[in-house]
Every structure is written in C-alpha cells, then in structure tokens.
Amino acid sequence: MDTKLNYRIWGEGDKTLVFSHGVLGYWRNFYSISQILKKNYTCLLYDQRGHGQSFHKEPYTVKNLAQDLKELLKFLELKPVILLGHSLGGWVCSYLAYKEPELVEKLIVVDSSPWPKDSAGKEIKKILSYLPESFPNRKKAREFFNQAIKEGLFSKQLSYFLMSSLDRESKNTVRFLFDKKGLLNLLPAVRQLDYPSMIEKLKIPILFLRGENSSHFLKEDLEETLRLNPLIKGLEIKNSGHWLHAEQPKDFLKAIEEFLIS
C-alpha cells in the first residue's frame, strides 16, 4: 500500500498527535508547534488533498479529505490518535472522529465552527479570486502582497500565511502550493454536512478553541457548541483571530498541553 499524501512524522511519544491544516495551508503551518510537542508525542503533519505536495484531484469534499486521512493512518498503522484540525481541518477531523470512532482518542478543533459561515466561504473565495496563478519570482510576489496590505485587501498575517504557500515551479515561475481553481468547489461542499449532530454523538474528550477576534467562529458559536456534548471543553485565545496558533503560539500551546494531559 502507498499513500498519495505528503507527510512528515517525528517524535517518539506513545501517543500520536495528528495536525490537519486549513484551506490554503499545508503541513508546515504546524511545524513550530510540533517541534515542541514532539518531546512527548509522535507528531504527524500532512498536506491535505489539493494542498502542498499532496495530490491535486477533485472532488474536494470533507468526506473525501477525511477518507484520505483515514487511509494515511492505516498506511502508517496508527490508531488511536489525537486529531487536531484548524478551520477546514477541524471539519475533516470532526467527520473522521464521527465516522471512525475507533481511530480517534481525542479531538481538538481550532477556530472551526460547527455552523460554517457563508461569509467565511465568501472571504476565501474573494482571496482565491484576487490571487494570480503565479509570479515570475519571489520579489514580484512580495511586491504584490505589500501592495495588497497597503490597499487593505490583506492583513499582514494573511499575507505572510499566503507567502509561505509559494513554491518555485520552474526557474522563472513561482506558484502557490494549493489548487487555486479546484478549491473553489470545496467551499460550498463544506456547508453540506451536519456537524452539530456529529459532535453530539462523539464519546471522546473534545476541545474547541477560538480566536477572540475571529469572524469564522463567533463567541456565541462557542457557547452553543459547549451545549452540544458534556465532553466538550471550550477556550478563547485572547488577542488572536482565525490563525490563533500563529498569532498567539504560547497561549495556543498551553491550551493544547493542558487538554492533552487532562
């Protein structure tokens, strides 16, 4: 058996912690966090379908992405594992925990609401529509993002995040590591699943984290989420938005570690 997913694995802990990134991201989004956690856990980071160095092939749906992860865990002979998913990764991990409960020991959902926002999908679509297919070099890419920041189109945090997903395709071309056109079809598919019903049925410890300033996972969403299942713990990371693990890594790491040992 082989795997079509690009992945990295390190650490020698008895328990395995799996990191699942969000839309437009890739495995390196959790590199720094995993380098700390690998002292006590085996850390698995991977590129979801349509992202990074993994295969780019439609259809892109939460079910397909969860199946991809299931097959990767089978390939690596890992179970049960602790799943940590950010944004899109949160929905993928929630679905996998629901469909394959024997594979999952604990679930951590990072700024991923059980009620996906149409506005968040429109925001991602706007970003994808604005981005060019490629740049001639990284200098031109930096100029593009600097101008976008000046015009208020992208925040500095978002610009750095997108810049990290650039890779050199040839001597004269720099492209994004995600399937720009294909992922547009993923956005409406995300909202077709009933995540609250799935989460209600889970029988494992669950942690939901939100960024204090996030528009993707509102405060009232977190409060409602806590009522879905008595096994859920919830926490808000102060002074952070949607990418809270990048904006407040120390507080994010503290929340993760306290949950893991509880």
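In helix 3 of this predicted model, the buried residues are Leu 88, Gly 89, Gly 90, Trp 91, Val 92, Cys 93, Ser 94, Tyr 95, Leu 96 and Ala 97; buried denotes under 20% relative accessible area, exposed over 50%, and partly exposed the range in between, with a 1.4 Å probe and protein chains only. That is 10 of the 12 residues of the helix. Helices here are DSSP runs of H or I with at least four residues, numbered from the N terminus.

A note on conventions. Residues are numbered from 1 along each chain as its sequence is written. Local features need pLDDT of at least 70 and side-chain atom pairs pLDDT 80 or more, totals for chains, interfaces and linings use all residues, and side-chain values use heavy atoms, without hydrogens or water.

I turn to the cores, meaning sets of buried Ala, Val, Leu, Ile, Met, Phe, Trp, Tyr and Cys residues joined through side-chain atoms within 4.5 Å. The largest nonpolar core has 63 residues, and Phe 145 and Leu 162 have the most contacts inside it. Helix 3 gives the most to this core, with 7 residues. Apart from it lies another core of 25 residues, among them Trp 27 and Ile 256.

Phe 145 belongs to helix 5, where Ala 141, Phe 144 and Ala 148 are also buried. Seen down the axis of helix 5, the buried residues fall within an arc of 90 degrees, taken from the directions from the axis to the C-beta atoms, and so line one face. The face turned away from that buried side carries the exposed residues Lys 139 and Lys 150. Just after helix 5, Gly 152 takes a positive phi of about 75 degrees.

Definitions and conventions:
Helix = DSSP H or I, 4+ residues; strand = E, 2+ residues; numbered from the N terminus.
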